[in-house]
Amino acid sequence: MEIWIFFLVFIVAGLGLLAMLGYVKNETDRLELKHFMATAEFKREMVEVQAQHAIKVEQDRETIEGLNLRITELNIQIDEEASDNRKLQSSLDKLREDLAEKDPTSDDVLAS
């Protein structure tokens with residue numbers, strides 16, 4: 001009779017072990033699914049961030065190109081102004097020389 005009790009205890013223990021293994025497998029599957037969902041969400045967020053970054057980089061590139069174009073225009077304008085300034089300076093020098101030849105006693109014309 002004692003042997004049947006041992007077998008009954010072993011059968012109950014075996015069923016308990018099988019139930020625990022089923023629970024562990026179920027929890028493992030649930031955690032794997034949770035991990036998979038978190039990974040998919042992370043990848044989706046990364047794609048969104050990369051897309052936003054690409055848009056921002058393109059906007060920055062366009063801004064830089066516009067500023068470079070404006071700098072080029074300003075450099076051309078500076079060169080034109082410098083050329084006009086040199087022409088005006090040479091005209092002024094010539095006018096001073098002409099006035100100095102007409103009135104050599106005037107020091108005010110040469111001092112200016």
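A residue counts as buried under 20% relative accessible area, as exposed over 50%, and as partly exposed in between. In this predicted model, E81 has a relative accessible area of 48% and is therefore partly exposed. E81 lies in helix α1, which covers residues 2–102, and together with D79, E80 and D84 forms a negative surface patch.

The protein as a whole has two helices and zero strands. Its radius of gyration is 46 Å, well over the 13 Å that the globule rule gives for 112 residues, so the protein is more spread out than a compact globule. The C-alpha trace spans about 150 × 20 × 10 Å along its principal axes, and of the 112 residues 1% count as buried. The protein exposes about 10,500 Å², of which carbon and sulfur atoms supply 65%.

As for charge, the protein has 13 positive and 23 negative side chains, with the centres of the two sets 6 Å apart. Side chains of opposite charge can pair when their charged atoms come close. The structure holds seven salt bridges, among them those in the table.

| Salt bridge | Closest N to O distance |
|---|---|
| R44 and E41 | 2.4 Å |
| R44 and E48 | 2.4 Å |

Within helix α1, R44 stands three residues from E41 and four residues from E48, in each case about one turn of the helix, and E41, R44 and E48 are linked in a network of salt bridges. R44 is partly exposed at 40% relative accessible area, as are E41 at 33% and E48 at 39%. R70 and E73 also lie in helix α1, three residues apart, and R70 is partly exposed at 44%, while E73 is partly exposed at 41%.

Technical notes. Residues are numbered from 1 along each chain as its sequence is written. This is a predicted model: local features need pLDDT of at least 70, side-chain atom pairs count only at pLDDT 80 or more; totals for chains, interfaces and linings use all residues. Side-chain values use heavy atoms; hydrogens and water are left out. Patches are made of residues with over 30% relative accessible area and no salt bridge: like charges are joined within 9 Å, nonpolar side chains (Val, Leu, Ile, Met, Phe, Trp, Tyr) within 5 Å. Accessible areas come from the Shrake-Rupley method with a 1.4 Å probe; for residues, only the protein chains shown count as cover. A salt bridge is a side-chain nitrogen of Lys or Arg within 4 Å of a carboxyl oxygen of Asp or Glu. Lys and Arg count as positive and Asp and Glu as negative; His and the chain ends are not counted. The place of a charge is taken as NZ of Lys, CZ of Arg, CG of Asp or CD of Glu. Buried means under 20% relative accessible area, exposed over 50%, partly exposed in between (1.4 Å probe, protein chains only). The radius of gyration is taken over C-alpha atoms; the globule rule is 2.2 Å times the number of residues to the power 0.38.
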